[in-house]
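Please read them with the structure open.

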Amino acid sequence: MTTYIFRRVLLLIPTLFGITLLTFLLIRYSPGNAALLKGGGGESGGKAMTAEVREQMIKLYDLDKPPLTAYALWLGKSLRLNLGDSVVDHRPVARKIGERLPLTMSLAGSALALSYLIAIPLGIAAALRRGQPLDRAISFVVFVLYSIPTFAAALLLILLVAGGDYLNLLPMYGASSINASDMGPFAWLWDRVLHMILPVVCLTYASLASISRYSRVSMLEALGQDFVRTARAKGLPERLVIFRHALRNALIPIITIFALEMPALIGGAVILESIFSLPGMGQLMFQSIDARDTPVIMGITVLAAIVTLLSYLAADILYVVVDPRISYE
Amino acid sequence: MSTPLLHVENLAIQFGPPDDPVKAVDGISFGMSAGETLAVVGESGSGKSVTALALTRLLASPPARYVSGRIEFEGRDVLQLPESELRALRGKQIAYIFQEPGSSLNPVFTIGYQIREAIELHRPEVRDVTAEIVSALDRVGIREPAKRLNDYPHQLSGGMQQRVMIAMALACQPKLLVADEPTTALDVTIQKQIMDLLKELKRTSNMAIILITHNFGLVADFADRVAVMFRGKIVETGATAEILRNPQHAYTRALIECVPKLGQKQHRLKVIDYAGIT
Amino acid sequence: MNEPESSHDIYSESYTQRIWRLFQADSFARNGLRTVIVLFAIAALAPFLANSHAIIRVADGRVSFPIFPTLEAIEWRFLLYVPLAGMIYLLRKVIFRRPLACLLILAGVIAGIEIALALTHPVNDPTNDRDRAATFKLMPPIPYSPIESTPDQFVGPSWKHLCGTDSTGRDIAARLLHGARTSLAIGFIAQSIALLVGVSLGGLAGYYRGWFDIGVCRFIEIMDCFPPLLLILAIMGLSPSQNNMFYIMAVIGLTSWTGLARLVRGEFLRLSSLAFPQAARALGAGDSRVIIRHLLPNALGPILVSATFGVASAILLESSLSFLGFGMQAPTPSWGDILSDARRYIDFAWWLAFFPGIAILITLVSYNFVGEGLRDAVDPRLKVK
């Protein structure tokens, strides 16, 4: 098993190279930075870069060196997680991101868990009642939900449920209330939970569609397999046939699909952090874009890609664990 | 003559819209006694598998429709049985083995587990279930059965998978075994092995066996009686030796002639001429 | 056995006819398509639906058409060439009979149009015709321009402003109608870019295999690791501020092609294992002919499905970007932009969130229905009905 994991990790390395290479190319050759290389000052019609910032950038990314050397240096640095220092406050990028990472990950993680919890039963119910009103209703509702943009739903919910003229149940923004430090531990925890409810809900409903639909298809496929007929022929009660034999098979692909949801969840988290003023990676991204803090911008991009890559790895390993047919080859 | 184990009377099963149905089984009747071996022979689409599955109402009822007829097993009509009694019938009285053993076994459970399921369900009095599983596997000719318990189906060859299916079917000591084309998906040499196993079982137990096949060649030294099906109807039925010697119906004749015979010089394989059959 | 009706024998229809028939059978897909067509019509006719200039104005004994000088050259081209194309299609049989004469006429017409366009210049006339008196005037249904500020700021939905106004008094309904243009244009063109890149890379990878295939697959893997929105934000963040539609289209297109590439590659791999590409080559067809005439048409179904969903997702991306402040900004009307305004004033200006939200929702739902309908119609597993 460990050899398998080891081998999968090895296979990740070329992709890691690719990720760092792509971000490097973006740094070096994107329109804004290309101007830097030409030694020019600010770009036309946009925010100009000060001379100090320009110098920092050139130093940080070795923009004055030939591309290959610069890439090698960048690779070395990023693999040691030395992503440079923020242009804004000269703190290490890695540390700045590290402070924000837990919130974003907990947001994405909760949404993922919640959407799985809701979507799998929905998908299975739809599969079991195929073609009937329940199936159609679930498909329709899930479909419409999928079409609602995250930020629209967020605004709508804020309007209805948080501040504003209607119900005022939940806080409108922030991760904790202002007087959080005065609260006892339980109150503080509860306060945090309340603040997270709306963002998590907004992030969850979007994934519901794909996961429940996938669950439905997977369950229908499993129910159509020969071994289900064998289980029935053995005389097993229908309940066991469905929930022991069919479901166990259907769950295998469903479990591994979470990796595919990761990029969407991170993207969604970014938008929601902006709307709800949550101090996560997304908010840092916007602040950095505003301040033209390129090291942080690229640091976040690389890190997000690596997180996604790791989730693909996790999904692969999970697949092997869960499906006896897949050997450690 | 003993009371028939199984008696099917005028069974008709249809698919599709009621005004334009596909008559998969179009009014067939046959019977079997305990310990007897019946072969149901016919080509694809003749309705033999549908009949086999109907014996314990395994056909999904939409889309299939049981239009008419009775299936009497030990005197009781299967088509009228309540769910709970039907489940008691399945596996315990009537057991099945299917055509594709690889996909008929659940890939995520060990074979030991799948057999255990059957035993625990139908024979709760058994104390040492593991020993029972081991002896079942042994009886079907699987070597080192104790080690094989924890194997997954994909780790076994096709022939062994089918043996496991047979073992699973036998574990509950059923009165009737329905074998739906058990060797069609296997190599010829494995086919022989499985058929030999079935012959052995026929000899050593009092279990009735229905063998569904399209291959008349398998029928000859295995079945006591034969029923020939064509387009949903039974066109001929009788003792095997009699039918082979003296086939009455044109289709039966054609089927028998289709079997290539070693040593006989044939320039072309025989093909069934449907136009000549009513 | 029933005989199929000879008027439409479903056993002898072409692939396209079959897809169309199955598509029509799905009521959601049908209505989705109708909505999409309506949206396109709205986008195309936006200047005539929401404008502060009158279409016809009769004053002081003279008839004038104030709206037309304000149209850009590209508007004119669109208004003239689309009906022209329609006429050509309708008259195709006539044209077929006398191709040379028709070609000359067409060349003359096009030359005439282009010369006229070159000579005229659009006039940006800020005076609106609403307030000017006239004997008779025919105003567009929404008599406001999307970029004109009025002193009525933050007015809720009313008879005067059907969807209310925003912080600078601009009419929301007008901005919605013109915003449809922005969204659809960006969505469509961005997806076309993605289509071009994705189909090319995926197709070539699936056809030639070998090192190129491995390279493309790696590339796709790498691109897939980046959350798309984040990547776009990074690119936008590294670029000088852009209110340039084409830049946004390019960025969205160049980050959304991986799904299509994978799909096309898979289809080409699958199709190559069938016999007919080999047969074509045996007959002497070169690579490009095999790809274009044989493989692509067979892969067209899934490509269309993916492209439809892709347009929906591109529209969503554009709205998200505008919302976050990176896409089209005021004064260019964009649904996302209105929504970002809504964020600030949500306490009292609920209409700023509601109407653009509904607009985006309807658009996305319709496209998704069309995509679903296409997917079911194209599915090879469905048997002939």
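**Notes on the predicted model**

1. The A–C interface. In this predicted model, 46 residues of chain A are in contact with 36 residues of chain C. On the chain A side, seven elements each supply at least two residues: helix H1 (2-29), helix H2 (31-37), helix H6 (133-147), helix H7 (150-161), helix H11 (258-276), helix H12 (281-290) and helix H13 (294-322). H13(A) gives the largest share, 8 residues. By class, the side of chain A that touches chain C has 28 nonpolar, 16 polar and 2 charged residues.

2. H11(A) packs with helix H8 (residues 228-238) of chain C. The axes are 7 Å apart and the angle is about 55°. The two helices are therefore oblique to each other. From H11(A), the contact uses A:Pro263, A:Ile266, A:Gly267 and A:Val270. From H8(C), C:Pro228, C:Leu229 and C:Leu230 take part. The contact of H11(A) with H8(C) counts 6 nonpolar residues, 1 polar and no charged.

3. Chain A overall. Chain A has 13 helices and 0 strands. Its pattern along the sequence is α-α-α-α-α-α-α-α-α-α-α-α-α. Of the 329 residues in chain A, 41% are buried. Take the contacts in chain A with a separation of 6 or more: residues 24 or more positions apart account for 70% of them.

4. H6(A) has 15 residues. From first C-alpha to last, H6(A) reaches 21 Å, close to the 21 Å expected at 1.5 Å a residue. Which residues of H6(A) are buried? They are A:Ile138, A:Val142 and A:Ser147. These residues lie on the same side of H6(A), because they cover an arc of only 160° around the axis. The face turned away from the buried side carries the exposed residues A:Pro133, A:Ala137 and A:Phe140.

5. What H6(A) packs against. The buried residues of H6(A) pack against helices of two chains. In chain A, the partners are helix H5 (93-128) and helix H8 (185-223). In chain C, the partner is helix H14 (351-378). H6(A) is also one of the helices that supply at least two residues to the side of chain A that touches chain C.

6. Chain C overall. Chain C contains 14 helices and 3 strands. Along the principal axes, its C-alpha atoms fill a box of roughly 75 × 55 × 50 Å. Buried residues are 39% of the 385 residues in chain C. Among contacts in chain C between residues at least 6 apart in sequence, 71% join residues at least 24 apart.

7. A strand residue in chain C. C:Val58 sits in strand E1 (residues 56-59) of chain C. Is C:Val58 buried or partly exposed? C:Val58 counts as partly exposed, because it has 14 C-beta neighbours inside 10 Å. Neighbours within four places in sequence aside, C:Val58 is in contact with C:Val63, C:Ala134, C:Thr135 and C:Phe136. C:Arg375 is 317 residues from C:Val58 along the chain, and their C-alpha atoms are separated by 52 Å.

8. A loop residue in chain C. C:Ser273 is in the loop between helix H10 (258-272) and helix H11 (276-282) of chain C. C:Ser273 is exposed, because 9 other C-beta atoms lie within 10 Å, and the cut-off for exposed is 12 or fewer. The C-alpha atoms of C:Ser273 and C:Pro99 are separated by 42 Å. Along the chain, these two residues are 174 residues apart.

9. A helix in chain B. Which residues are buried in helix H5 (residues 129-139) of chain B? B:Ile133, B:Val134, B:Ala136 and B:Leu137 are buried there. They share the same side of H5(B), because their arc around the axis is only 160°. The buried residues of H5(B) pack against helix H4 (111-122), helix H6 (145-148) and helix H7 (158-170) of chain B. Just after H5(B) comes B:Gly141, with a positive phi of about 90°.

How values were computed. Residues numbered from 1 in each chain as written. Chains lettered and ligands numbered in written order. Predicted model: local features only at pLDDT ≥ 70, side-chain atom pairs only at ≥ 80, totals over all residues. Contact = placed C-beta atoms within 7 Å. Helix = DSSP H or I, 4+ residues; strand = E, 2+ residues; numbered from the N terminus. Nonpolar A, V, L, I, M, F, W, Y, C, P; charged D, E, K, R; others polar. Expected span 1.5 Å × (residues − 1). Buried ≥ 20, exposed ≤ 12 C-beta atoms within 10 Å, placed from the backbone. Arc of directions from axis to C-beta. Axes fitted to C-alpha atoms, helices over the stretch in contact; angles between N-to-C directions. Parallel < 35°, antiparallel > 145°, perpendicular 65-115°, else oblique.
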